[in-house]
Amino acid sequence: MKRYDAIVIGAGHNGLTNAAYLAKAGLDVLVVEKNDYIGGAAVSRELHEGWVYSSCSYVCSMMRQSLHRDLDLSRHGLMLVPYLGTVNFDDHGNTLVSYHGEAAAYNELKRHSRHDADAMFRLQADLGRYAQVIRKTLLRTPPDPTSFRIRDIQELLFLAKQFGALGQKELYEYIRFFTLSAADFLDDYFETDIVKATMASAGIIGTALGVYSPGSSYILLHHVMGDIDGSIGAWGLARGGMGAISNALASACKSYGGEIRTNAGVDQIIVKGGRAVGVALSSGEEISANIVVSNLDARRTFTKIMDRDDLPPGIFEKAENFKIRGSSGKVNIALSGLPKFTNVPDNPYANRGGQAFTGSMETMERAYDCWKRGTWSDDPFIESVIPSAWDPTVAPPGQHWMSNFIQYCPAELADGPWTPEKRDQFGQTVVNKIERYSPGFKDLIVHMEVRTPFEIEQEVGLTEGNIFQGELTIDQLLFNRPFPGYAQYRMPVKNMYMCGSSTHPGGGVSSACGANAAREILMDLRRPNTVPEDDCYDD
Amino acid sequence: MAHYDTIIIGAGHNSLVCANYLALKKKNVLVVEAAEVCGGLGARHEFHDGFHASVAHQASHFPQKIIRDLRLAEHGLSLSGDHKACIGLNRDGDHVILQGNKVSGVPDNEVDAYKRYHRLMKRYADMLAPFWLKTVPPIGNNSLPEMMAFAELGLRIRLLGKEDMREFFRMITLPVYDLMDEYFSHPLLKSLLGWDALIGTKQAPRSPNNSVLQLLYRMAGDSHVTLDVPTLIDALQRAAVSRGVDIRTNSRVCDIVVEQNSETVKATGVRLESGEVVTAEQVVSSADPKMTFLKLLGAEHLEIEFTNRITRIRDDGLVSKLHLALNDQPSFSGLSSPAGRLFIAPNLEMIECAFDHAKYGESPVDPVMEITIPTLENPGLAPEGQHVLSAHVMYTPRKHKSEWDESARAELTTKIIDAIEVYAPGIRSLIVGQELLTPVDLESRFNTSGGHWHHGDFALDQLLMMRPTHGAAQYSTPISGLYLCGAGTHPAGDITGMPGHNAAREILS
Amino acid sequence: MIVTMTNADFSTEKPRPSHFQPRLDERNIHDAWSSWNGYKLAEYYFEAEYEYFCIRNTCGTYDICPMQKYLISGPDAEKMLNRMVTRDVTKMRNNRVSYVLWCTDEGRLIDDGTIFRLADDSFLLTCGSPSTAWLKKSSLGFDNVTINDRSDELAALSLQGPTSCAVLKRMGLKGIEQAKPFTIHHFDFFGDSLMVSRTGFTGGLGYELWIKAELALELWDAVYEAGADYGIHPFGEQATNMARLEAGFIMPGYEFNEALKTVHFEHDQTPFELNLDWMVDFKKPHFNGRAALLEESRRGPRYTLTKLDIEGNKPAEGAFIYDSQDCSRHIGYVTSGMWSPVVKANIALAMIETPYLKGELWAEINYEKELRHYSKIARCSVKEEPFWAPDYAKVTPPRDY
């Protein structure tokens with residue numbers, strides 16, 4: 001039977017990136033995927049005839065351009081298009097459009113507050129500064145602070161140098177920023193709730209924290225540190241849906257000789273003599289390999305597809321304690337026309353980007369309170385995008401598809417498990433809220449697909465449907481991700497690695513986790529490193 | 001005109017500690033206090049005819065070093081006693097009791113888990129303990145002595161060993177909810193152990209980043225003795241007076257007097273409410289940073305961003321104090337004696353829920369609280385045979401939607417007594433007098449901005465070299481000759497005397 | 001774009017019109033617009049050099065409606081401003097104007113502007129960028145001060161050039177010729193008060209006219225009617241930039257990067273680096289950034305903004321400065337540079353590492369000639385005085401025409 005150099009479990013974007021780099025380095029690589037399609041949560045699927053849904057992730061800003069360039073993803077069909085301004089809606093019918101042009105952006109903010117319009121310049125500079133430091137770490141392996149190895153010390157010094165370059169005052173500000181809540185952080189800049197809420201919403205997307213929870217300002221940064229073509233904070237759409245990213249990565253992987261098998265779910269990572277030697281598929285088939293790389297989240301990897309006895313003591317418990325909380329839902333809607341929103345100027349710059357139904361700081365926090373009690377809010381935070389306004393490939397001409405991301409949606413309800421009825425009620429809550437801001441919206445609905453954390457976990461495999469493969473709190477960041485001592489992509493079983501978002505630098509369609517893991521694997525195999533360590537954009 | 005080496009503003013416990021240390025070095029020290037008596041939040045007051053209480057309950061981690069250095073035993077501080085029992089009250093009388101390092105009232109596996117938990121936490125607390133008595137140097141400064149302080153901390157962390165060191169870096173920012181979940185399953189035990197990670201600061205069990213450090217701070221006690229606060233104040237005051245410190249009560253400071261020279265602005269004394277100016281080489285303030293910099297000093301002498309950071313110190317108090325005058329000893333179901341710290345917080349979710357209301361300026365529907373009956377140890381606080389019940393109640397926001405009008409107060413008082421009555425049936429009939437102190441009252445009565453006991457939340461961005469803010473975190477301030485010695489400086493609040501101790505060292509150097 | 005719009009509403013994307021917009025639209029024959037603080041602003045109306053010569057030869061007007069204008073008043077106003085800026089505000093008399101700078105705690109320049117002292121407890125602060133947030137921070141701890149942003153409610157027109165005084169006299173502003181530099185005067189105008197200050201940004205004779213927005217067009221018409229015989233012409237951003245460079249004035253985005261908008265460490269500037277030592281008064285009461293600036297004044301600035309006269313005629317914009325003709329050591333860069341039409345010299349402002357100021361300075365200038373690109377090394381000499389500072393700018397009364 002064929003023995004592969006490496007098997008990568010899970011054909012999500014990080015798994016495919018990892019496999020592409022291993023294949024590029026000449027390894028004989030197989031990617032196994034449980035579904036009959038690839039992409040994991042970066043996927044485009046025609047779930048209603050004529051409409052292509054990016055059914056899970058829907059926009060992209062963290063994709064490392066050096067990887068895009070290095071793997072020649074454009075040749076493999078990928079194009080990322082930045083999309084313009086998002087409209088925020090508050091509880092009282094007011095709107096705030098995030099324009100791209102400086103004059104328009106300034107005047108729009110000034111409608112709400114002269115003070116806040118001015119303060120936004122400073123916030124952008126400060127976030128830009130914070131983002132630049134953290135961005136430099138994305139394509140690097142976190143150092144182990146307990147280690148005396150030269151490489152770890154070098155990496156620690158690299159980190160120290162980046163932070164030192166901020167200057168003393170900004171270093172203090174950075175420490176403050178890292179630990180604050182989004183609300184406390186933004187209170188230092190803004191006076192008006194709609195401006196705060198607009199900025200704070202990035203602090204809660206995908207996380208089991210509220211805008212008032214310490215630590216949410218880092219989540220905010222995590223969402224604005226990406227860029228499109230060097231413009232920090234810009235978000236883009238993948239032409240053809242998020243699946244275009246996975247397809248391009250898969251194509252690149254195959255072009256280097258990698259193999260991808262779908263309908264090949266892994267039941268078990270086979271460990272012999274303390275070494276990973278292959279995988280057992282749910283079909284019963286066993287495939288052997290020198291190296292096994294898991295792109296699944298840390299909880300799922302260690303508690304679902306590994307035997308507890310194969311692990312050193314304590315690892316199973318760490319995996320169980322790994323915080324990976326379902327907090328988000330998704331409603332994908334096919335529309336017969338472009339919805340119109342009240343109090344939004346009718347033009348392509350204001351009405352074609354996205355909609356953020358933030359309400360207010362309190363509305364968002366109350367939605368979080370509901371999540372804590374195991375229910376969903378009647379007035380949830382929704383971030384919507386209508387990619388079809390930009391992308392001619394995802395809906396029939398004149399018709400549209402709308403992606404709605406909902407924070408918060410619990411993985412488990414206080415009153416028992418999710419049922420199809422409850423799921424549909426949840427979907428209705430979302431539609432009702434949008435209808436409030438877009439009368440007649442419901443009449444445009446052609447088809448709708450509702451995903452609670454339950455559906456996301458069932459289909460994609462993300463534990464509890466957590467989009468980051470694990471909370472992005474300090475206890476699970478950098479050298480703590482996924483667990484202290486295992487942050488360098490090598491796992492406690494020999495010849496086994498992890499390459500998913502459970503590892504540094506965490507969630508987001510960045511391909512960075514997969515690339516970093518490939519670098520470590522190649523180093524262990526004493527092969528030349530072919531993975532870029534820097535993004536190609538100079539700040 | 002009177003001239004001193006040092007004037008200390010406020011006669012709280014930190015001021016008195018600081019004054020004692022300065023007097024030990026033969027400094028001529030004046031302490032000025034606005035109130036009639038010394039002690040600040042630790043002072044005893046009569047809240048009902050013949051019934052006395054102090055806002056601060058007890059000092060559980062007041063360092064032995066200060067007691068020894070200042071020879072407080074010779075000045076009347078009694079060192080007898082033990083760590084008070086912490087009792088998590090249960091409706092059915094199945095209380096969880098923590099006495100010293102022993103836990104009872106929970107299943108055996110929880111007892112084992114507690115041993116593991118306590119071993120590790122105590123290691124971390126002991127590792128950090130010396131740093132609470134040190135000055136945290138500014139970051140980004142490369143002078144050797146200052147680098148040494150960080151190097152020492154680094155070394156102590158390393159000495160934990162690889163495993164514990166890694167775990168420390170992970171655990172230090174966990175929300176207490178997660179920390180408890182990782183070790184325990186007994187709801188009452190979790191809330192009992194989690195309480196000290198939360199009390200006094202704007203954070204709930206699920207809030208990340210700040211609570212574990214707060215817990216470790218409170219576990220740093222080397223005394224194993226719980227001190228009665230008014231007794232401690234008395235001893236400190238007597239010691240200070242015996243060392244020649246002048247203490248002037250009923251002397252509110254209006255301004256810190258400064259002088260501008262070509263180099264800088266220098267503090268030269270204080271102006272009292274009477275108009276009298278007292279001069280000194282140094283002025284030390286134990287008032288909270290907002291009061292010190294904005295009210296007593298004035299923003300015109302300070303930098304703008306610095307002033308902004310002072311203004312933005314999060315010091316909205318969330319804890320109210322209820323004092324009840326009882327005509328008999330209350331009895332709690334299933335408890336032979338209500339001695340110790342009694343907790344009404346059945347689980348962490350309920351604490352979280354109480355916090356959720358506070359976020360929106362509302363009173364908690366189900367208040368959670370810590371209760372003591374100080375008259376059990378100190379019968380003199382009430383007429384013979386009668387008792388005082390003292391409760392710290394969370395979370396009662398200073399910025400209340402009602403601005404704490406009469407009905408909001410009455411409603412909160414009723415809710416608190418209702419909650420106590422569940423565990424102490426019939427207590428209502430014993431009440432002969434009561435006093436509710438919301439954060440608004442604490443602010444106006446004790447001159448603490450925000451009514452915050454700790455002069456600012458115990459949060460990572462307001463701790464260590466950032467307490468109260470960078471530029472004033474080493475006890476000296478941007479104003480030459482002006483120092484801070486209150487709870488708004490490192491290490492922080494509670495009755496520890498450590499800020500006063502550390503400030504004295506900096507002043508003397 | 002996939003969707004074509006019918007009846008699209010672009011109102012919120014467009015820069016907002018100036019209070020003079022109807023008149024500006026008539027005169028801006030090339031529709032050459034940019035924007036400033038969200039307002040529409042002319043790059044030029046007819047041609048930059050033509051407008052520049054109006055400033056130097058006759059007179060012209062520059063629309064300064066987009067400039068930020070803050071009315072700061074109350075018993076603590078003086079104290080608050082004095083703590084914010086580096087010059088001593090307490091020494092200003094009423095109806096006087098003063099050029100001021102304000103810095104961060106670290107002594108980095110946030111912005112420059114002018115303070116108009118209207119009364120003991122009332123000041124108008126004008127500056128190029130929105131400053132509401134910083135003013136609010138600066139007023140923390142001062143209970144008796146109110147800050148009122150008048151930027152959108154006050155129209156302002158800068159009238160600059162040798163004939164400007166004559167124009168104002170023709171307009172009927174009695175006694176305007178007695179106005180000294182940096183003074184403020186009030187005149188009745190359509191039943192309201194027109195404030196005139198003898199100030200400007202061109203280095204020549206000039207005035208700035210301030211009126212409530214509702215009377216903006218009346219003001220414009222009165223000025224242009226009076227100016228018809230004096231060669232009046234509107235000028236835009238480009239001509240302004242030429243005139244201010246000859247006068248040696250600094251401009252954000254060229255000479256300095258506003259500190260609060262600076263991302264990289266110390267990519268902003270200090271007053272000493274900008275050669276504005278005379279603006280920092282260490283004898284006045286405490287002001288923001290004092291400790292940091294005091295230290296810098298002792299240590300000496302890392303860079304010094306220097307006026308250069310460069311050989312040849314190729315503008316040195318963006319050029320690197322070296323310490324020798326063989327370009328062995330890079331010691332600075334040109335921030336603004338142009339051929340000066342009045343002094344017939346190739347002038348520039350450059351940031352140069354202070355220790356090298358005494359030695360030779362050479363600029364590497366890149367230029368193109370009919371699409372072929374060249375580079376030349378040109379010798380630079382340091383100028384202490386402004387490139388152009390005519391005596392008539394300071395004379396009172398100014399020459400009549």
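## Cavities and chain interfaces of a predicted model

The second largest cavity has a volume of about 110 Å³. This is a predicted model, in which local features need pLDDT of at least 70 and side-chain atom pairs count only at pLDDT 80 or more, whereas totals for chains, interfaces and linings use all residues. Residues are numbered from 1 along each chain as its sequence is written, chains are lettered from A in the order in which they are written, and side-chain values use heavy atoms, with hydrogens and water left out.

A cavity here is a set of points, on a 1 Å grid over the protein atoms alone, where a 1.4 Å probe fits but cannot get out; lining residues have an atom within 4 Å of a point. Grid points are joined across faces, edges and corners, and a volume is the space filled by probe spheres set on the points.

**Cavities**

The structure holds 7 cavities of 30 Å³ or more. The lining of the second largest cavity includes R176(A) together with residues of chain B, among them R309(B), R312(B), R314(B), D461(B) and H470(B). By class, this lining has 3 nonpolar, 3 polar and 5 charged residues. In this classification Ala, Val, Leu, Ile, Met, Phe, Trp, Tyr, Cys and Pro are nonpolar, Asp, Glu, Lys and Arg are charged, and the others, Gly among them, are polar.

The largest cavity contains about 540 Å³ of space. Of the 24 residues that line the largest cavity, H83(B), L98(B), D196(B), R218(B) and M219(B) lie nearest its centre. Elements of chain B that each supply at least two lining residues are β7 (96-99), α3 (108-132), α7 (187-194), α8 (211-218) and β15 (341-344). The most, 4 residues, comes from α3(B). Helices (H or I, at least four residues) and strands (E, at least two) are DSSP runs, numbered from the N terminus. The lining of the largest cavity divides into 9 nonpolar, 10 polar and 5 charged residues.

**Interfaces with chain A**

Contact means heavy atoms within 4.5 Å. Buried area is the accessible area (1.4 Å probe) that two parts lose on being put together, summed over both. A salt bridge is a side-chain nitrogen of Lys or Arg within 4 Å of a carboxyl oxygen of Asp or Glu.

| Interface | Residues in contact | Buried area | Salt bridges |
|---|---|---|---|
| Chain B and chain A | 36 residues of chain B, 43 residues of chain A | about 3500 Å² | 13 salt bridges |
| Chain C and chain A | 35 residues of chain C, 36 residues of chain A | about 3000 Å² | 6 salt bridges |

Carbon and sulfur atoms give 53% of the area buried between chain B and chain A. The side of chain B that touches chain A receives two or more residues from each of α5 (162-171), α6 (176-183), α11 (304-311) and α12 (348-359) of chain B. The largest share, 6 residues, belongs to α5(B). This side of chain B has 11 nonpolar, 7 polar and 18 charged residues.

Between chain C and chain A, carbon and sulfur atoms give 55% of the buried area. Here E106(C) forms a salt bridge with K169(A), the closest N and O atoms lying 4.0 Å apart. On the side of chain C that touches chain A, helix α4 (residues 132-139) of chain C provides the largest share, 5 residues. By class, that side of chain C has 13 nonpolar, 10 polar and 12 charged residues.

Definitions and conventions
1 Å grid on protein atoms, 1.4 Å probe; cavity = no way out; pocket = protein on both sides within 12 Å on 5 of 7 lines; lining within 4 Å.
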